[in-house]
Structures are given as structure tokens and as C-alpha cells.
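Please find below some notes on this model, for reading alongside the coordinates.

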Amino acid sequence: MSQVRKSETLKDRVTEMTQVRESETSEDRVAEILSRLPPKSLMRFKCIRKSWGTIINNPSFMAKHLSNSVDNKFSSSTCILLRRSQMPVFPDRSWKREYFWSMINLSHDSDEHNLYYDVEDLNIQFPLEDHDHVSIHGYCNGIVCLIVGKNAVLYNPATRELKQLPDSCLLLPSPPEGKFELESTFQGMGFGYDSKANEYKVVKIIENCKYDMRTFSHRIAFPHTAEVYVTTTNSWRVIEIEISSDTYNCSCSVYLKGLCYWFASDNEEYVLSFDLGDEIFHRIQLRYRKESGFLFYDLFLYNESIASFCSHYDNDNFGILEILEIWVMDNCDGVNSSWTKLQTLGPFKDDENLLTFWKSNELLMVTSDKRAISYNSSTGNLKYIHIPPIINKVSDFEALIYVESIVPV
């Protein structure tokens, strides 16, 4: 959609609100019109008229606006939040991490032949040291949960509101070099909405162990620990967790209907779930594959269900190729589930990066030459998406389906 068309649409809605005399309108009608506008417009309108600001700041209005956005009532496009980074090296051989964020709106025409997209670069300034890493660990209702350096952060890209969470009550300072002491390291984090308590929560999983820093031997694994942060109290508290001390590789969490899910591993791959209401962890088994060489990895949302990739690698004249299967969790209650195979994709080159499904048959991915494309799994067609280039080599990508909201952090 062109900027001119967007501008005209906003002007029409503003005119609709301002031309109606106060005696002929009601707060409900104004709220209905405002609830159709994007967050960027609402942030401006709060400053235009005090009564509009009162409506926009009302929790019931925020809920209505979120419902409209989630149901995609007034837009045919899908929004994707994309993070990419690079590590330029300077003449003195020093280096630093640089992060780039973009909002991509994707849509098809009525016959799904032409792909339309709009890319907006976001100027997100996190408090970073040169070598700090930024990674996405959860998302819910327009709020992204990240680790920035050593800090947990909640961020709403639509309103540009950022909140750094208090320090963990379980993570210990790194022990002095050469000391055989207990060490705690961040293992995984999830974020979501607890509808029972009407509040947002962050859950953090901590790995604990002892080992000799001089030899990196004699590692002794201790039980994992966990803590929950509640937005209404702005504090962490310790909760129980019973998972194998050998558990590692907790992926970025996926939130769905009051539960957080991670792909995790100990002696086998499995799904770890956490109920934000009763604050209990559960282990969910993945589908057993008799064929050798097939491995499950990663979790993602697919048509409002939890899904996982299952991959198999083949060698041919073109190098290493990856065959991907999509498996979906059926009727999951966070405790028990069955799995159904939906489709097989590929083959893909080993250095191609699959990011996220933005429609049931459209996959956003990055090619081996670092170009973003939309891949149609039904037809095999590829559509290139032009994202402004980065001068230096891009080291990694992260992407998630994003719904704009005015939910405060």
C-alpha cells in the first residue's frame, strides 16, 4: 500500500471523527473508529485531543484494539518482525555487533499470483556493549521478550516502549577464574499472558553446574532452577522445575493459549511446556521416527497450532541438501499430545535459512546468498523480497509473525 493511500485513509478516519458534532456521537462510536487505526496513529492522536487519549489509555479499549489486530479484521497483510546482525571488524582488529530490525508487511492479490510487500526499518536503540548479543526468546500480543547482553527486556516495536526487567534472583555472578564453584547460566526464557490472573509473565530456566575452570573437566550437573517475573509486581520469584539435569538447548519459546513451549534435549529431543496459570512444567514426547537420519528441531506456530521441523540430509552432486517435514501437535493441552505429518518441503541447500511461515503455504526464508524470499510450498515458486542491503556479512537472522498492539510493557 502506497504512503499516499495510507495518508488518505487516515485523513478520512480523522475527518469522520471530527466532523460529527459532540451531540451526535458517543464515546463508544469514537472508540470503535479509533480501534481500527494502527498504533502509530493512535500514539499521535493521544496528543491531539485529551478525550481521545483517555479512550486510548483505557484497558478495555486496548483489549478491543488487540482483538481487532489479532483477528486481522481491517488488514489483509501479514506482518513479520525481522532481526539480522553483522560483526564488522575494524582496522585495529577490534569488532562489535550491530543489529538491524525491520517490519515486513506481506500480502497476495486475490488469485495469490502477485506478492506485495512493504519493508520498514526500525531504529531500535538497546543499551548495548560492543560485544553484547541480542536474541528473541518470546512473543505475545505485540510485546517481544529479549535477552540484551545479560539483561531480560520487554519491548513493544509498535509503540517503541521498552522495559528492562530487574536482575534475576537465581543467576549467580561468574566465579573467579580457576575456582571450582557453583555456576549458573541462562538456559531458556518464555513470555506470555496468564488469562486467569489477567497479567503477563516471563519464565526463566537456569542451568546449574560445577566444573574446574582450568581444565573444563569434572563437570557436575546440578538440578535446574526456574523463576517467574510478573509484570504487575515487577519482581521475580522462584518456582519449582523438575527436568533432567542433562537438559540443554532450550529454543526460543512459542506462546499459545496460556502455555509456553520450548524444543529441548537431554538424551533425546522433546517439547517442554509451561502453564502460565498453574506455573507447572510438563514434558511432551515428539513423534518417534523409525527411519534413521531424521531429526526434529525447532518449534513454531502453524495455523494456530504448535509445529516442528523434522529434517533429513542427503548428499548429491549439488552438495548437502535438506529435506524437511512439517509435523503439527494435535489437541495439545500442554501435557499430552499426538503428532500429525502435514507436508514435506525441499530439498533445500544446507546453508539456506528457514525463518517462519507467514501463510499456511508461504515460508519466509533466506537463501545461501543472504537474500530474503517467500517460498510457496505448494507450487515451489520463489518471490524475492528486497530488504536494504548491509555492507558487511550478515551473521544470523531471526523472524516472527508480529501483530501490532498498544499493550503496555
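The points below go from confidence and overall make-up to particular elements.

1. This is a predicted model, so confidence comes before any detail. The average pLDDT of the chain is 82, and 84% of the residues score at least 70.

2. Two stretches call for caution. Over residues 1–7 pLDDT stays under 50, and the model has 2 contacts for them beyond four places in sequence. Residues 20–24 also stay under 50, with 4 contacts beyond four places in sequence.

3. On overall make-up, the chain holds 5 helices and 24 strands. It has 409 residues, 47% of which count as buried. Taking contacts between residues at least 6 apart in sequence, 49% join residues at least 24 apart.

4. An open sheet is built from 4 strands in the order β4-β5-β6-β7, with antiparallel pairing. β4 (134–140) and β7 stand at the edges; each has a single partner strand, so one side of each lacks a neighbour in the sheet. From one strand to the next, the twist averages 25 degrees.

5. Within this sheet, β4 pairs with β5 (residues 143–148) in the antiparallel sense, over 6 bridges.

6. The loop between β6 (151–156) and β7 (161–164) contains threonine 159. Is this threonine 159 buried or exposed? Its relative accessibility is 19%, and the cut-off for buried is under 20%, so threonine 159 counts as buried. Beyond its neighbours within four places in sequence, threonine 159 is in contact with Met43, Ser405 and Ile406.

7. In helix α3 (residues 39–48), the residues Pro39, Ser41, Leu42 and Phe45 are buried. They lie on the same side of α3, because the arc they cover around the axis is only 145 degrees. Met43, one of the contacts of threonine 159, has a number that falls within the range 39–48 given for α3.

8. Strands β14 (residues 269–275) and β15 (residues 280–285) pair in the antiparallel sense over 6 bridges. Valine 271 has isoleucine 284 in β15 as its bridge partner. The two strands form a hairpin with 4 residues between them, and in the turn glutamate 279 has a positive phi of about 60 degrees.

Note on methods: Residues numbered from 1 in each chain as written. Predicted model: local features only at pLDDT ≥ 70, side-chain atom pairs only at ≥ 80, totals over all residues. Heavy atoms only, no water. pLDDT = per-residue confidence, 0-100. Contact = heavy atoms within 4.5 Å. Buried < 20%, exposed > 50% of the residue type's maximum accessible area, 1.4 Å probe, protein only. Pairing = 2+ DSSP bridges. Arc of directions from axis to C-beta. Axes fitted to C-alpha atoms, helices over the stretch in contact; angles between N-to-C directions.
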